[in-house]
Amino acid sequence: ELVRSGGGDTDAWLARAGLSPSSLDETAVGFSLAGFQTFVLEAVRLSQEPALGLLLGSRLLGNTHGVLSYAALNSGSLRQVLGLFEQFLALRTTLVAVSQEAHGETLRVVFRETVPLGDIRRVALETVVLALRNILDFITLGANPIRRTGFDLPDPGERDAALARELFRGEVIYGQAWTGFEMPLGLLDQPLKMADPAAYRDAARICGAELEAMRRQVSMAARVRRVLLEDRNGFPSLPVVARLFHMTTRTLHRRLVAEGTSFAKILDEVRHRLAVEHLRAG
C-alpha cells in the first residue's frame with residue numbers, strides 16, 4: 001500500500017521478487033537475505049520515500065502481531081512484555097534481537113542486528129523499533145512509557161527527524177552507539193490494567209510452540225549463529241553450543257558440514273560482524 005501510494009507499479013515490483021498479489025495471502029513468503037534487501041530497496045525507490053521504515057512501522061499497530069500481541073495484551077507488567085520481546089521477537093522478524101540494559105534508574109531496550117542488514121538498516125530498524133513501541137502504547141492504553149528513542153543511524157535531516165518525533169511521541173536521537181528506547185526502571189513492575197494471567201500463559205505457550213516449529217525449519221548454521229550473537233558474556237564453545245541443541249559435538253559438526261560450513265567459520269563471521277558494528281559505533 002505504501003509503494004502504491006507513492007506511485008509505484010506494485011504488480012511489477014512483486015513480480016521481480018517472484019511474487020503476486022494473491023501470494024501475499026499465503027502464511028509464509030520466503031526470501032533470501034539478499035533477495036529481501038533488494039525487495040526493500042526497490043520499495044524505497046518506487047515509493048520515493050526515504051522514511052519508508054517509519055511509515056511502515058506506524059502501520060504495524062499493537063494488535064497486528066497475532067499471538068505475540070495477544071500475549072502482550074494479557075501480560076501483568078512491562079517487565080513481562082519485554083521478556084516476551086526478548087524470547088519471541090523471532091516470530092515476527094529474524095533480522096534483529098532484543099536485550100535489556102540497566103543504566104542507573106533507566107532501562108534501555110536495545111535492538112541488535114542478527115544478520116548484516118547493509119543498505120536496509122534504516123528501513124528495518126525504524127520499522128521494528130516503532131512497531132514494538134506501538135505494542136507498548138497498545139497495552140498501556142496510550143500511556144507511552146518510553147522517554148527517549150535512539151538510533152545507531154546517521155541523522156536523516158530535520159524533515160524525517162520531525163516525523164520520527166511525531167510517530168514516537170517523544171525525543172528521538174540519531175547518531176548513537178545503540179538502537180532502541182529508554183524507560184524508567186520504576187515502571188517495569190507496575191500492574192497493567194488488562195492483565196489476565198491465564199490468557200497470558202496460554203498465549204505464551206502457543207508462542208513457544210510456534211517458535212519451536214519455526215526453529216526446526218531453520219538451518220543449523222543460522223541457529224548456531226543466533227546463539228553466538230545472543231550470548232553477552234563471550235562466545236560459547238562448540239561443546240556448549242552442542243549441549244544447548246541437545247546433541248553431541250560430532251553430530252553438530254556433521255550437520256554444519258552438510259550445510260557447507262563449520263563452527264569455526266560461523267564464529268569468524270560473527271566476530272567480523274560485531275567488529276564492524278563496534279567500528280561503526282565508534
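Ser75 sits in the loop that links helix H5 (66-73) to helix H6 (78-88); helices here are DSSP runs of H or I with at least four residues, numbered from the N terminus. The model is predicted, and local features need pLDDT of at least 70, side-chain atom pairs count only at pLDDT 80 or more, and totals for chains, interfaces and linings use all residues. Residues are numbered from 1 along each chain as its sequence is written, and side-chain values use heavy atoms, with hydrogens and water left out.

Ser75 is buried because its relative accessibility is 0%, where buried means under 20% relative accessible area (1.4 Å probe, protein chains only). A polar atom of the Ser75 side chain lies 2.9 Å from the backbone oxygen of Ala71. Leaving aside residues up to four places away in sequence, Ser75 touches Gln80, Val81, Leu84, Leu192, Ala195 and Tyr200, contact being heavy atoms within 4.5 Å.

Ala71 is one of the buried residues of H5, which also include Val67, Leu68, Ser69, Ala72 and Leu73. Six of the eight residues of H5 are buried, so H5 is largely enclosed by the rest of the structure.

A second topic is the packing of H7 with H8. Their axes, lines fitted to C-alpha atoms over the stretch in contact, come within 11 Å and cross at roughly 20°. H7 is therefore roughly parallel to H8, the term for angles under 35 degrees between N-to-C directions.

| Helix | Residues in the contact |
|---|---|
| H7 (residues 121-139) | Arg122, Val129, Leu130, Arg133 |
| H8 (residues 158-168) | Asp160, Leu167, Phe168 |

By class, this contact has four nonpolar, no polar and three charged residues.

Notes: Helices (H or I, at least four residues) and strands (E, at least two) are DSSP runs, numbered from the N terminus. Buried means under 20% relative accessible area, exposed over 50%, partly exposed in between (1.4 Å probe, protein chains only). A polar contact is a pair of N or O atoms within 3.5 Å; within protein, one must be able to donate a hydrogen and the other to accept it, and residues adjacent in sequence count only if both atoms are side-chain atoms. Axes are lines fitted to C-alpha atoms, for helices over the stretch in contact, and angles run from 0 to 180 degrees between N-to-C directions. Angles under 35 degrees count as roughly parallel, over 145 as roughly antiparallel, 65 to 115 as roughly perpendicular and the rest as oblique. Ala, Val, Leu, Ile, Met, Phe, Trp, Tyr, Cys and Pro count as nonpolar, Asp, Glu, Lys and Arg as charged, and the others, Gly among them, as polar.
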